[in-house]
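Happy to walk through this one with you. Take a look at the model below, and then we can go over it question by question.

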Amino acid sequence: TINYHKTALLTIATEPETQKNIAATIGCSTSDFPLQYLGLPLSPSKLPLTAFDPIIDNFRKFLFGWVAHLLSRGARLTLLTAVLDSLTVYFMSVFKLPKSILAKLDAIRRAFFWSNESTCTGASCLVAWKNVCKPKDTGGLGIKNLEIQNRCLLMKFSSKILQHPNVPWTQWYNHQHPLGIATKTTRPSFLWKIINNNLPLLIEHSFVLTYNGLSTFFWLDKWLLQSPLQKVFPNLFSHSIDDKVLVATVWQTSLLANLRNRLSNAAARELDCVLLLLQDFQQADQPDERSLTHGLPFSAKNAYSSIVAEDSSDPHHDFVWASKVPIKVKIFAWLLLRDRLNTKANMFHKHIAQSAACPRCQDPNEDALHLISNCSYATQVWSSLGLPSPTSLAALHQHPTILGLNPNIWPSVALTVS
């Protein structure tokens, strides 16, 4: 039986009086959109910003209790990466978070990490947040970039519509859009917007082994060469009728049928090159295989790694993060090697301190190197170990080790001494 005390009536395009009359007849109450359903707001129209308040409330609940104020910076980093990064996954798997909500979440995370307060000033943030959100092997702390994570979670719809055409919802989508995956429509659905808004990012960070060509974009995908044909042959691409035409369509109707008439001389020369390349392509009766840039199968995790990957790596990564020291010491070393500690020199530069002089030895410039090497107190520590003081921050991990000490243990010793 239906429990009418727990039932609410919601109507679309109905007068309020009519809604009340229907509810009175049924014996239930009325309600309005957005409706909370399975933990997510349900609405036939664009969600208001207040619909995202539960995410912000969950963040604040975890971060600003009395227990959180007892955490070290290392423990706060663990809480951010292990707990906070997963709080928004369910929500971001369905909705694209507005930029204003992302900014609020980043402000909360930034303030919690740097100052353990609800807000913080720029002087408290020792490293730019965009650099903190980089992976550890490229110089960051591994905190997730929420905007990129949101895009990767939504990108799974674009990937599935291309790679899994026999799934019921993809069959329904293809029935609604029989002219193609990216067919333009005057009244785009919520799902259409998700798929097409994230399709360019998927194409940019993937390549395709093309067989039947039914899920490979002729101009946009990396399938025939290591770069998309639109970049290799820009003049010919400018004459294309449909920039999202599939390889299967071109194969069935010919390339010329998908180009505008009266090619320029440059486009005609590029056409000869493309036709020459197509001679080596043989269509096969099996689905195309799409992989991410590094050859990995698609997943939100692999897509995130592919997008945030950089060509340059952090030379201090192994020295800091492979060492056997507490995480708060690793974060100290991470800041030290970037000269982002609150040394007198840095505080004087930020107009916080009146002088850059070292309070111990009165050296006129207390920077990071002075802190661990040139200060008289630091020199005494290194001397007691029978080692010379480091000559630079970059050379710390190449510093001579203690006689007889296992070299693999040296990073832990060096960071503990520092």
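Q: Where does Asp314 lie, and is Asp314 buried or exposed?
A: Asp314 sits in the loop between helix H14 (300–308) and helix H15 (317–321); helices (H or I, at least four residues) and strands (E, at least two) are DSSP runs, numbered from the N terminus. A word on the source: this is a predicted model, where local features need pLDDT of at least 70, side-chain atom pairs count only at pLDDT 80 or more, and totals for chains, interfaces and linings use all residues. Residues are numbered from 1 along each chain as its sequence is written, and side-chain values use heavy atoms, with hydrogens and water left out. Buried means under 20% relative accessible area and exposed over 50%, with partly exposed in between (1.4 Å probe, protein chains only), so at 12% relative accessibility Asp314 counts as buried.

Q: Which residues does Asp314 touch, not counting residues up to four places away in sequence?
A: Contact here means heavy atoms within 4.5 Å. Leaving out residues up to four places away in sequence, the partners of Asp314 are Lys136, Asp137, Thr138, Gly139 and Arg338.

Q: How far apart are the end C-alpha atoms of helix H5?
A: Helix H5 covers residues 99–115, which makes 17 residues. The expected span is 1.5 Å times one less than the number of residues, so H5 should span 24 Å. The model agrees, since the end C-alpha atoms are 24 Å apart.

Q: Which helices do the buried residues of H5 pack against?
A: The buried residues of H5 include Ile101, Leu105, Phe112 and Trp114. Asp106 and Arg109 are also among them. The buried residues of H5 pack against helix H2 (53–63), helix H3 (73–87), helix H6 (129–132), helix H7 (146–163) and helix H16 (327–336).

Q: What is the phi of Asn116?
A: With a relative accessible area of 7%, Asn116 is buried. Most residues other than glycine have a negative phi. Asn116 instead has a positive phi, near 60°.

Q: Is Gln362 buried or exposed?
A: Gln362 is found in the loop between helix H17 (344–349) and helix H18 (368–374). Its phi is positive, about 65°, although Gln362 is not a glycine. The relative accessible area of Gln362 is 55%, so Gln362 is exposed.

Q: Which residue does a cis peptide bond join to Phe33?
A: Most peptide bonds are trans. Here omega is about 0°, and the bond is cis.

Q: How many disulfides does the structure hold?
A: A disulfide is counted when a pair of cysteine sulfur atoms is within 2.5 Å. Cys152 is in no disulfide, as the nearest cysteine sulfur, that of Cys133, is 14 Å away. Cys152 is buried, with a relative accessible area of 1%. The number of disulfides in the structure is zero.

Q: Which helix gives the most to the lining of the largest pocket?
A: The lining of the largest pocket divides into 17 nonpolar, five polar and four charged residues. Strand E4 (40–42), H7 and helix H9 (190–204) each supply at least two residues. With five residues, the one that gives the most is H9.

How values were computed. Ala, Val, Leu, Ile, Met, Phe, Trp, Tyr, Cys and Pro count as nonpolar, Asp, Glu, Lys and Arg as charged, and the others, Gly among them, as polar.
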